[in-house]
Amino acid sequence: RETYDPHANIDRWLRVWRDERLFEAGDLTPASPKDEKRTLVVSMFPYPSGDLHMGHAEVYSISDTMARFARMRGHQVLNPIAWDSFGLPAENAARKRDLDPRDWTYGNIDIQAESFERLGISFDWRTRFHTSDPEYYRWNQWLFLKLYEHGLAYRKEAPVNWCPNDETVLANEQVVQGKCERCGTDVVKRNLTQWFFRTTRYAQRLLDDMDQLQGKWPDEILSMQRNWIGRSTGAHIDFAVEGRDEPVRVFSTRPDTLYGATFFVVAADSALADELCDAEHRTRFEEYRAGLASKAEMDRLAIDRPMTGVFLGRHALNPVSGEKLPVYASDYVLADYGTGAVMAVPAHDQRDLNFARAFDLPVRVVVDTGEADPAETGVATAGDGVLVNSGSLDGLRKDEAIARVIADLEQREVGQGAVTYRLRDWLLSRQRYWGTPIPIVYCDACGAVPVPDDRLPVTLPESGYTLRSEGGKAPLETAAAWVRTDCPSCGGEARRDTDTMDTFVDSSWYFLRYPNPHYEDGPFDPAGIAAWLPVDEYVGGKEHATGHLMYARFLTKVLHDLGMVPFTEPFTRLTNQGQVIMNGKAMSKSLGNLVNLQEQIAQHGPDAVRVTMLFASPPEDDIDWADVSPAGSVKWLARVWRLAGDVGAAAPASGDADQQLRVAVHRLVDEATQAMEAKRFNVGIARLMQLTNILRQAVDRTPGPGDEAVREGASALVRMLACFAPFTAEDCWVRLGREPSVLRAGWPEADPALLVEDRVTCVVQVAGKFRDRLEVAPDIGEEELQRLALGSGKVQAALGGAEVARVIVRAPKLVNFVPAR
Ligand code: ANZ
Ligand code: ZN
């Protein structure tokens, strides 16, 4: 007897798919604009860190199933692939092994490309490109210069992580608990002049446009983005400070508490603190500032840590009461949020209260919330209440007081209503080699000069640089011949910028290039944009909630404003896949619980791995590989395969198709279709398994496999299987006696006539007299029928409140209520 071999025909089907170009989306730049029958399914593109791993298999199984489903339903589907091939791991690997990062990167890409094919992922390979190709990164440079031209790219000083031992800048992920990942030395902050994109200019639109995404993106991602943007409304208030001409401005969300301010705090690491400190307090201040460890901002914001700070020797004047407030410097105030200075209201702000208690400063309640005195409890009261100790504001409620204070400040020109965002500008510069060179040159005479379009791309030097830092030089700084250039403006001697761009620049627009990846007249082809974009289904991990997804949304809005794309949001729907874990833990080398994808494929075949991934849970849930059974998936695929063989080998039976079986088949097709539309692929597979079972039973009884209903059911099963287990589905299709490819056969459609459930009419009587009629299922139970009948308004009217003495039920046809007399 033949047995199912999940590996037997892999090469055959790969060849057929390739030769018949089954995964190609047809014309990628058609003249007709996008419509709902043209679907772009995109997974967040891979980083070539080595061969594919389990996580890749999961994401691409999900997106591939979406693509295949849409394709089988008659959509024109583009399922593209590219590689996110710049980045630090390549540089680290190259430095360790003295390689060219190109060799490592492109070698891994080839390995991954082959693995994708052998997993049966239906990519349109014509889209393939790599962000480290000069023909791609040239457009990163072009876009950078567009943003520069529009005031959206600028330079300023900003701190980087610096390892004094290795004399090199470290990325955040290379700093482990404040120490250098490589040598364990304490990491310090160093200021460098760096490039930024002005994401903050788009803060409000990033917030507003989320309306378009509601219900289409996971709520969790939307709320993470909302928090990340962090909109606060309140007021700017100007405080005069002794010995300074200009007032110092603060941002407050609670201007109503202005009379409760008892001191004033500026960020210790700000230029303002430095300026405000008088001679007498300078030594202590400088000691304090030097001692500020490179604490993460979140730690600094934490409410429960001990408060530290120093008095600067000056006072600020409350603009409404004229009260003198001592000015402190502390690290609990952040230099780059709001204005970097706060009026401290200890009664109503917990961090201010903690500071006041540590420094023995007064606590004055100005909003009576009915709660106990914060000075005694140590708990600030932040709720609504009535103003007290606040001059003319006394008696107002919080919101009234906020409006009154703002009006007052505006009238006296010492402040105004204001909105602040937590979102920061996007720091772009990386002191790295393997990335896009920043297309700016510096000339002593002309300053920073953009590289003209016709001199792009500025390509990376392929030799003459070193990845091992020398005296703290960035790798590109060591490429002396490359750095030296002439000024595009005056022709004099000039130097190139030696930083490269954050790789999030590469990933913020790559999807726009898919329809025409070698386009030369711009970053992307307008015809391709009109035909395919925006992305209909985007699939990727939620670790990108506030990074990649925010950057891509930002850049899309910029491109929209430049008139380059017609839409304002890049990704219409978003699906986040869960993680593949093992025994309840994330897989990692150090835990020794890594599951190797290639071993799984070698053991169970690509189809069983895909089916196992999708059957384990809905896409967004984690999959614990210890709890799933790829062997069980193989068994099921083998059952389908045998079934297809049995049905394909049988001669058609004479006589009518088994009507009951047809009803069951069409119901399961209908349920599977709905599950697919809702992206409940696990439910879809469960319906396919049910279908396998009922078909097996039908094959094993008369009239057996030749029955028309069995043949119809088997055909539907195999076509649906093609979305999950593409190789096996092709095998089964041939076994059914059909011509490959099953992909062309389309998704089965449930016949609505077979989905209507049978109904019978039930007559309802009161005391033997007809009162109502009910449509019920033929197999309805007596209790259920009686309950329904008693619920009838006509029956209740006829009973007129009388008690029921007896009920006669003849399900499903008759119910008779006999009232008590
Ligand atoms: C006075 C006040 C009274 C405040 C009160 C709050 C409550 P969110 O909501 O996060 O925007 N603040 C302003 N700038 C700051 C900075 N750079 N570092 C640390 N804290 C800063 O918080 C805004 C509030 O945080 C502001 O309103 C300010 O304190 C503080 F009962 O002003 B508030
Ligand atoms: Zn010049």
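This is a predicted model: local features need pLDDT of at least 70, side-chain atom pairs count only at pLDDT 80 or more; totals for chains, interfaces and linings use all residues.
User: Happy to look at this one with you! How many bridges join strand 29 to strand 32?

Analyst: Residues are numbered from 1 along each chain as its sequence is written, and side-chain values use heavy atoms, with hydrogens and water left out. Strands here are DSSP runs (E, at least two residues) and helices are runs of H or I (at least four residues), numbered from the N terminus; two strands pair if DSSP finds at least two bridges between them. Strand 29 (residues 760–766) and strand 32 (residues 814–819) run parallel, and the number of bridges joining them is four.

User: Which residue of strand 32 is the bridge partner of Val 766?

Analyst: Strand 32 covers residues 814–819. Within strand 32, Val 766 has as its bridge partner Phe 817.

User: Do strand 31 and strand 32 run parallel or antiparallel?

Analyst: A hairpin links strand 31 to strand 32 through three residues, and Arg 806 stands opposite Val 818 of strand 32. Six bridges join strand 31 (residues 804–810) to strand 32, and their direction is antiparallel.

User: Which strand gives the most to the lining of the second largest pocket?

Analyst: A pocket is an open set of points on a 1 Å grid over the protein atoms alone, where a 1.4 Å probe fits, with protein on both sides within 12 Å along at least five of seven lines; lining residues have an atom within 4 Å of a point. This pocket is lined by 24 residues, with Val 342 among those nearest its centre. Strand 9 (248–252), strand 13 (341–344) and helix 11 (350–359) each supply at least two lining residues. The most, three residues, comes from strand 13.

User: Which residue's side chain has an N or O atom 2.5 Å from an oxygen atom of ligand 1?

Analyst: Ligand 1 is surrounded by 17 residues (a heavy atom within 4 Å), and the closest include Leu 334, Tyr 337 and Arg 422. Polar contacts are pairs of N or O atoms within 3.5 Å; a backbone one puts a nitrogen atom of ligand 1 2.8 Å from Leu 334, and another puts an oxygen atom 3.0 Å from Thr 253. The side chain at 2.5 Å from a ligand oxygen belongs to Ser 232.

Note on methods. Chains are lettered from A and ligands numbered from 1 in the order in which they are written. A polar contact is a pair of N or O atoms within 3.5 Å; within protein, one must be able to donate a hydrogen and the other to accept it, and residues adjacent in sequence count only if both atoms are side-chain atoms.
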